[in-house]
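Hello,

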Amino acid sequence: MNIQRVRTLFSQAFNKQCQYICLKHRRTISIFQSHLKSVPFIKDHFDDTSKEVSKTNVYTTRSHTCGALRLSDVDKTVTLCGWLQNQRVDMFALLRDAYGQVQVIVPNHVSNFICSPTVLVLVLVWNTHDLLYFTTQDGNRSHYSEVTEYYSNVPPTIDGMLNGYSSISDLDIQTSNQFLSSLYCQKKSDPGKTRVLDVGAGIGRISKYLLAKHFDKIDLLEQSSKFIEQAKEEILKDCDKLDKCYNVGIQDFKPEDLNIKYDVIWIQWVLMFILDEDIIKFLNLCKQILNKNGIIIIKDNVASGVKNEYDDEDSSVVRSLPQFCLLFSKANLKCVKSEKGEFSPMDLWEDWGLLSKEVIASNITVLNKADVNIPFHIKNYNKAKEDLRLKHRYLDFRFPEMQHNLRFRSKFLMRTREFLATHRDFVEVETPTLFKRTPGGAREFVVPTHEPNKFYSLVQSPQQLKQLLMVGSVDRYFQIARCYRDESTRPDRQPEFTQLDIELSFTTRDDVMRLIEELLCYCLNIPTRTFSRISYNDAISLYGSDKPDLRYDCKIKNVDNFRSNRSETKSSGEDVYRILILPKDLDSTNKKITEYKNLAKKAFNDVKMSTVKVQDSLEWTNKLTKILPDLNVEEFRNKENLEEGDLIVVSWGKQEDVLSLLGMIRSESHKIKVKNTLPLEFDNPKSFSIFWVVDFPLFLPSDSGTLESAHHPFTQPHPEDEHLLSSNPLEVRGLHYDLVLNGNEIGGGSIRIHSSELQESILHFLNIETSSLQHMIQAFKYGCPPHGGIALGIDRLMSILCGTQSIRDVIAFPKGFGGKDHLSGAPCDIPEAERNYYNLK
């Protein structure tokens, strides 16, 4: 069966026989040898611990982890500990631990367990000139309704088609392309390249990425209507080769026109759902619609033994090679070329040791029997909802992705400490979590005490404390700090989070930035390099954001130079016009355009927006000149190299609102195109775009008309702008810098104020009572050195490096939406006696 069988072996967990067990094995047998070196996670840039397996097993009763068995362990006696993920038939079991899983052969004298079959990928090509009638086996026709019901819940995506393992798609296409190309030897007997039929087409993955490169016309055969609609959309995006689409199952297929002949009929990973009798019936039909020299290509998984292996979950079967041969021989089909696939889906997890070995059990000890009613199975297909997984987070940890993320995070923090403490002589200092409220920052959590009206605040960062360390001559400080902010929970935010906090004395902005560049390159094991820089003003004017994603080049255009009646000076309150050009390869359907307009209405009441699609006719130019009557359209088109299909988004109104809106549309339009994918290519800016944003304003106007700090009230003004503090404070820049990675702010810092007089002055500008920070001002009076620092958001950085869509996937025990802890039910009520103790009403 296709990747479904991998799902069964790799992801299905905890059936009624789920137990914690300890196994002693007499002999290990290697079944697979990895051909694929990459894994569907980020490449681990740290030392390979598999070479020092003993370190993992010291102080335990096991000799190896399930993921540690290698070819060198053949014929060794090993002791494995883990939980029984599933068991099939009477002879096989699947044992799993945090490091991988392994298939166990259980002899009858030990216990009765269920077998999980090995999986191969086999490509067969059959000549179809000779006809032969055949006999069939009985089959249950309700089987197809079960398959249909199963696939009704599968999303129409590559990930859905491959059960969460879209990472194998490229390799699958590559090997299939090599095989298909090998059939064309420039001989008269070669099949043609006029028309191909993609059987079990799904969402058109094979047609789009493989068949379209070889054939002039493509027809699709697919039972699911939602899949075939998605296939049409996907294929037509890139070519016009799609012709006929048959929305029917293989078992019911009848060509509309028998005169339409095919050079190749491609059948991949679909026969596992078709009964034997219908396979032979379909192959006979294929003979009637093949051209001379036409061939049928079947790519499917094959069971390792002589018996078929069934999967009750999706009603599929993995046939053995003898069974396949029997079906084809009954149709008198001659094999003209066969080839074992260069990869097995299990090879994807060779580094985890998954399904690459078998062990023969000589003794089994049950350590702790598990409840038969488990909340969810460990499988990526039809994965349990996040709320349920957070409630039972201890089970969620058993997903290989979670194991990888937590271990990667641990190694990254280890490397961080190693670099700062060992190579740069920094001192790790733990600062208090209970502290005093910091004015002018984010909302903080308050902690009541037994003294009436006396509260602590949980620190939103160690900002004040680390600056006080600088006063005390602890001049090179760092900390992996826990911080708290009472903010709404979003995919990239948590009320409780971790940051790498750094501060040092006698430094400059360039020094701090160079330190972070060296630190990250060290942790990621890449050559040290300097990150590019962009000013805050340029980021806003060109990209509409102070954290733009520069993996794609799509800038906001100022069209004033193309307008004939535009004055050099702009009066206050006058609308500004800006344009964003979205290339034709992005989604510009009416539905998407409506989303942009709704976004504008929701975010900015006073900003207007319109869209114009570039076409061959003059209609689009007329529409554009209605918006901008004085625009020289031809000059603008030539300068910007506009192409048919490009979408022009025009917005006008207050400048900062116009830029913000276009920045949001820019990000939204490219969201799918630049979705976090792995592995990251650190030397490719289209995969790993990291840069500094500098020269932020020191102050921003608040909604009430007063000033607020753009960073925090401890940021040093730019020395070139200090003279403007009293006369024009909004023009003053701060020595503040942000680090942006793939459109995410992963760090921010600044050079700090070290003068008590300047600190008091800044607090007055912000209408902050100096008494609330008197301890800081007093400390500065005793000789505070110039200093600066930065904080990196560990959770957000780990999310990007691990390719997750939420920081919750890289945190052991995160909060859910609304700050709720699904595991414990917190926040929750407390007894009345405790309320009275803390003077709470």
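First, some ground rules. This is a predicted model, in which local features need pLDDT of at least 70 and side-chain atom pairs count only at pLDDT 80 or more, while totals for chains, interfaces and linings use all residues. Residues are numbered from 1 along each chain as its sequence is written, and side-chain values use heavy atoms, with hydrogens and water left out.

**Overall make-up**

The protein has 23 helices and 31 strands; these are DSSP runs numbered from the N terminus, with helices being H or I of at least four residues and strands E of at least two. Of its 841 residues, 54% count as buried. Here buried means under 20% relative accessible area, exposed means over 50%, and partly exposed is in between, using a 1.4 Å probe and protein chains only. Contact means heavy atoms within 4.5 Å. Among the contacts with a separation of 6 or more, 73% are between residues 24 or more positions apart.

**Two helix pairs**

Helix 12 (residues 400-423) packs with helix 22 (residues 794-802) at an angle of about 120 degrees, and their axes are 11 Å apart. Axes are lines fitted to C-alpha atoms, for helices over the stretch in contact, and angles run from 0 to 180 degrees between N-to-C directions. The two helices are therefore oblique to each other; angles under 35 degrees count as roughly parallel, over 145 as roughly antiparallel, 65 to 115 as roughly perpendicular, and the rest as oblique. The crossing of helix 12 and helix 22 is right-handed, a term used if the near helix is turned clockwise from the far one by less than a right angle (left-handed if anticlockwise). Helix 12 contributes H404, N405, F408, R409, F412 and L413 to the contact, and helix 22 contributes I794, D795, L797, M798, L801 and C802. Eight of the contact residues are nonpolar, two polar and two charged. In this scheme Ala, Val, Leu, Ile, Met, Phe, Trp, Tyr, Cys and Pro are nonpolar, Asp, Glu, Lys and Arg are charged, and the others, Gly among them, are polar.

Helix 8 (residues 276-288) and helix 9 (residues 321-330) pack at about 45 degrees, with axes 10 Å apart. That angle makes helix 8 oblique to helix 9, and their crossing is right-handed. On the helix 8 side you will find D276, I279, I280 and L283 in the contact, and on the helix 9 side Q323, L327, F328 and K330. These residues divide into five nonpolar, one polar and two charged.

**Two helices with a buried side**

In helix 17 (residues 619-627), W620, T621, L624 and I627 are buried. They cover an arc of only 115 degrees around the axis, which puts them on the same side of helix 17; the arc is that of the directions from the helix axis to the C-beta atoms. E619 and K626 are exposed on the face turned away from that buried side. The buried residues pack against strand 23 (576-582), strand 24 (608-613), helix 18 (633-640) and strand 25 (647-653).

In helix 20, the buried residues are S756, L758, Q759, I762 and L763. Seen down the axis, they fall within an arc of 160 degrees, so they line one face of helix 20. E757 and H764 are exposed on the other side. Strand 27 (699-701) and helix 21 are included in what covers the buried residues of helix 20.

**Single residues to look at**

Most residues other than glycine have a negative phi, and most peptide bonds are trans. Which residue takes a positive phi just after helix 20? That is N767, at about 55 degrees. N767 lies in the loop between helix 20 (756-765) and helix 21 (774-780) and counts as exposed at 59% relative accessibility. N293 has a positive phi near 70 degrees; N293 lies in strand 10 (residues 290-303) and is partly exposed at 21%.

A cis peptide bond joins A826 and P827, with omega about -5 degrees. P827 is in the loop between helix 22 and helix 23 (832-837).

Finally, L242 is in strand 8 (residues 242-246) and is buried at 13% relative accessibility. L242 and I218 are 24 residues apart in sequence, yet 4.9 Å apart in space, C-alpha to C-alpha.

Best wishes
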